[in-house]
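Let's take a friendly look at the pockets of this model and at a couple of its loop residues.

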Amino acid sequence: MFVINGKIWRVKVVRSDYPLLRQPNGQFAVGVCDYSYKLICISDKLRGREFKITLCHEIVHAAMFSYNIELDHDEEEFLAEFIAQYGPEIIHVTDTVFKKIKRGR
């Protein structure tokens, strides 16, 4: 469980054929963020880095929903994937630079 902007979200690891993972085209996603249930479902088929990236991707969707940020589908997917893939590096660089600035370098 986690909270974003006062909204409580849950994360559930589910079987790869879990109904909420079914996409409109009939295929199954590996992760989904459902605003009506405030629930993120992640397929139990994922492991390691792939699991973490998918989890981050879905948490980005949860953040957008929680802050009422409305983008079209392609923009939302691009942003979620960009943050999931490159966010950790961006935050690491920010922390490193910030620490140097605080020390007066």
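By class, 4 nonpolar, 1 polar and 2 charged residues make up the lining of the second largest pocket. This is a predicted model, and that pocket holds about 150 Å³ of space. The elements giving two or more residues to its lining are α1 and α2, with α1 supplying the largest share, 4 residues. The residues that line the second largest pocket are R49, K52, I53, C56, A84, Q85 and P88.

Of the 14 lining residues, G31, V32, H61, H73 and E77 lie nearest the centre of the largest pocket. By class, its lining has 6 nonpolar, 4 polar and 4 charged residues.

K38 is not a glycine, yet it has a positive phi of about 50°. You will find K38 in the loop between β3 (31-34) and β4 (39-43).

N68 is not a glycine either, and its phi is positive at about 55°. N68 sits in the loop that runs between α1 (48-66) and α2 (73-102). Is N68 buried or exposed? N68 has a relative accessible area of 59%, and because exposed means over 50%, N68 counts as exposed.

How values were computed. Residues are numbered from 1 along each chain as its sequence is written. This is a predicted model: local features need pLDDT of at least 70, side-chain atom pairs count only at pLDDT 80 or more; totals for chains, interfaces and linings use all residues. Side-chain values use heavy atoms; hydrogens and water are left out. Buried means under 20% relative accessible area, exposed over 50%, partly exposed in between (1.4 Å probe, protein chains only). On a 1 Å grid over the protein atoms alone, a cavity is a set of points where a 1.4 Å probe fits but cannot get out, and a pocket is an open set with protein on both sides within 12 Å along at least five of seven lines; lining residues have an atom within 4 Å of a point. Ala, Val, Leu, Ile, Met, Phe, Trp, Tyr, Cys and Pro count as nonpolar, Asp, Glu, Lys and Arg as charged, and the others, Gly among them, as polar. Grid points are joined across faces, edges and corners, and a volume is the space filled by probe spheres set on the points.
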